[in-house]
Amino acid sequence: MDIVVMSRVLFGSSMGFHIIYATIGVGLPIMIILAEIMYWIKKDKDYALMARRWTKGFAILLAVSIASGTIVAVLLSLLFPNFMEIVGQVISLPFQLEIFAFLIEAVFMSIYLYAADRLPQGLRVLSIFFVAMGATASAILITDVHAWMNTPAGFEMTESGAIINVNVMEAFFNPSFVVTAIHVTLSAYMTVAFLVASIAAIRLMKRHISNEERAYHKKALMISLYLGAAMSLGTAINGHETAQMLHEQNPRKLAAAEGLFETTTYAPLSVGGYTSLEDGRVKYAIEIPYALSFLAGDRFDTEVIGLNEFPEELWPPLYVHILFNVMVGIGTLLIALSFLALFWKVVLKKDFPGWMLGLLVVGGPLSVIAIEAGWCFSCIGRQPWTITDVLPTADAATKSSSVSILLFTFLTLYVVLLFVTGFVMRYYFKRNPVEKDLAAQ
Amino acid sequence: MEASTLAITILWSLLFIYAMLGSLDFGAGFWGMIYGKDDRTNAGQIANRFLSPTWEVTNVFFVIFVVALVSFFPFATTMLSSLLLVPVGLGLLLLTIRTTFMVFANHANRYQNILRITSGITGLIIPALLVSMLPITLGGFVEFVDDYPQLLYGKLLAHPTLYMHIAFGLTTELFISAVFLMDYSKEAEDWSAYHTYRKHALWLGPISIAIAMLTIGTMPEEASWIVDNIEANPVWFGLSVAFFILGYASLYIKSKHGRKGLARLAMTFIIIQYGIAIYAYGLAHLPYLIYPDLTIADSFTDPSIFYKLLVVYAAGFAILVPAFILFWRLFLKDQRYLKQQ
């Protein structure tokens with residue numbers, strides 16, 4: 001492997017690892033707030049217990065999230081120094097702000113974790129609110145830099161590569177910032193909702209559990225279904241806006257996502273299949289006539305630009321079509337699943353049948369896959385650029401051959417940590433089962 | 001003051017804060033490991049009680065330092081990252097093991113020992129790695145191949161100054177954390193822990209200062225410029241030693257309860273000691289980030305952007321002050337937290 005590829009693999013796998021924990025870190029505080037609020041309204045101790053148990057899980061995962069976040073933050077400078085040289089001049093503001101957002105989260109997390117019993121209820125809810133706010137703000141601010149890489153703004157580059165006329169605010173509010181930030185936030189909330197629903201569904205599928213425990217898990221499942229339904233729908237609506245943003249700001253990426261080669265009006269949407277370079281089209285796909293044009297511009301006659309408008313060496317890898325479809329496909333499934341489950345329970349007032357619980361169990365891991373696919377799509381879809389049309393990835397990366405040593409050790413670390421986190425979570429919650437906590441109430 | 005001088009002063013202050021917090025953090029992890037299973041003293045419990053709520057905040061200061069470095073001195077990233085790729089990369093790896101295992105230890109009782117030992121030992125290697133970057137900046141360990149800077153690993157690893165720097169870093173870390181935990185034990189009125197930490201502070205103090213002085217003597221020929229600068233500035237370093245003596249003497253003064261040692265006073269003097277030493281060292285290091293290839297003026301960002309970032313820092317810390325005060329009262333003052341069983 002050459003150094004650039006190794007740097008990309010190392011950074012990509014670090015992000016792929018971090019994003020699992022970071023997503024949970026952003027979403028779980030929202031679930032904890034909802035449980036705290038339910039407890040406040042209903043005075044039902046199950047909700048207080050829920051908040052406490054989720055917080056325990058959160059504390060374990062947060063450690064990995066913080067550690068891997070530190071890795072990502074520093075690796076970015078180590079592996080892509082030329083990129084960070086430009087970032088430092090143009091878009092360091094969100095990084096600075098992120099630190100303060102994170103500091104707020106860290107301080108209030110410690111307060112919520114270790115001082116909850118010494119705080120009045122109002123202050124306790126306020127501190128978890130600050131945790132959630134800090135976490136979400138961090139996600140939004142980091143996403144800002146990511147959005148800026150996709151749609152750079154707020155500076156000019158001279159012939160010699162010097163950065164001039166920097167406008168910090170213009171860079172901060174770059175064209176794709178708002179829509180991407182909403183996308184990341186809503187999908188994080190969604191993912192955590194479906195993960196919690198997964199766990200509750202697994203417990204509910206067990207035959208021999210007490211009625212108290214069954215009731216407890218049903219309450220947890222309902223909170224996550226409501227949040228999951230709302231957030232998956234929100235993500236989809238926002239996804240539509242994202243497509244329109246791509247159409248205007250980065251048509252090359254949209255064309256790659258859809259495997260569209262020729263510029264066309266009345267463009268069809270290809271669902272599934274893979275993009276074949278030889279055939280110049282997406283093979284084995286279901287085509288929905290006019291749908292792509294409509295998605296891109298709200299009109300069937302919208303002209304959608306195809307890949308052939310760009311030189312081939314500037315195309316992203318064509319497999320991003322698959323990544324894009326995995327993300328959208330799972331998102332659509334999850335909307336259907338959560339609304340069906342809610343319809344079943346709230347309108348039909350029936351209990352969840354086994355098959356539905358089974359589907360809900362799968363929903364959590366699927367939502368994580370969707371998140372991973374989405375990030376991969378966004379970053380691989382930007383290739384060959386690190387900063388679109390400004391800095392090619394080959395120029396951004398380090399030239400130090402020592403990357404190979406780090407690549408191997410970090411990959412090992414991530415695999416080990418995935419297992420150890422899973423092990424510790426299982427160990428802790430096996431030692432402290434819900435029945436025991438329910439009995440202690 | 002020049003904007004770039006102001007920037008390096010702020011960066012240096014962040015380094016000072018992280019050096020202090022990091023010493024407490026990694027040091028407490030080490031003491032927690034050593035005394036984790038010892039029934040004769042509560043030193044282990046005290047260390048872990050301090051560590052649980054604070055490590056996240058400490059970790060943030062590490063990230064603040066890196067982000068401030070990149071945004072104040074963007075033109076330094078290429079050189080710094082190619083030289084420091086391996087030491088910083090390994091540091092990150094160990095930091096991750098240390099952080100996660102430390103938290104895992106609190107949640108998996110049966111495996112607490114092995115988790116805590118791993119975390120304690122990695123916690124000791126990290127500061128060693130961090131401080132090993134200092135000699136790299138002094139000159140003599142960098143070579144340019146095709147205009148691209150390379151770290152001379154063989155020369156660095158064979159040079160005594162590396163090991164003296166590491167010894168200096170570790171003794172300093174353990175000394176500072178011992179004095180602080182002594183004070184923390186006093187706040188918790190836990191006298192077995194207090195005496196344990198005082199005992200360690202007593203032998204670590206003189207050793208740390210002796211090693212600090214010897215380290216200067218081991219610097220390579222290429223680094224003679226900084227030795228000259230240090231020797232040209234005897235007042236500050238002398239003052240630093242004076243505050244060490246004051247702090248060390250406070251460990252022997254009897255308090256009104258007849259117990260030996262004024263922990264808070266000692267802690268204050270020692271912080272001043274290291275504050276003066278770090279700024280004096282920083283002053284001697286100017287104008288270079290890495291001698292002789294990288295100066296602060298060459299790597300500095302656009303001043304107008306720097307001033308904007310400065311406003312962000314001021315506002316950010318202003319918002320955080322109340323949170324820090326609450327934090328302080330809950331975990332470093334509140335007897336209900338300090339004395340829990």
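Student: Where is A:Pro384 placed?

Tutor: A:Pro384 sits in the loop between α12 (354-380) and β7 (385-387) of chain A; helices (H or I, at least four residues) and strands (E, at least two) are DSSP runs, numbered from the N terminus. This is a predicted model, where local features need pLDDT of at least 70, side-chain atom pairs count only at pLDDT 80 or more, and totals for chains, interfaces and linings use all residues. Residues are numbered from 1 along each chain as its sequence is written, chains are lettered from A in the order in which they are written, and side-chain values use heavy atoms, with hydrogens and water left out.

Student: What is omega for the peptide bond from A:Gln383 to A:Pro384?

Tutor: Omega is near 5°, and the bond is cis. Chain B has a cis peptide bond joining B:Leu286 and B:Pro287, with omega about 0°. B:Pro287 lies in the loop between α11 (263-285) and β3 (288-290) of chain B.

Student: How do you know that the span of helix α8 of chain B agrees with its number of residues?

Tutor: The expected span is 1.5 Å times one less than the number of residues. The 27 residues of α8 (residues 191-217) should therefore span 39 Å, and the end C-alpha atoms are 40 Å apart, which agrees.

Student: Where does α8(B) have a kink?

Tutor: At B:Leu204, shortly before the proline B:Pro206, with a kink of about 30°. The bend at a residue is the angle between axes fitted to the seven residues ending there and the seven starting there.

Student: How many residues are in contact between chain B and chain A?

Tutor: Contact means heavy atoms within 4.5 Å, and 61 residues of chain B meet that rule with 60 residues of chain A.

Student: Which element gives the largest share of the side of chain B that touches chain A?

Tutor: That is α3(B), with 20 residues.
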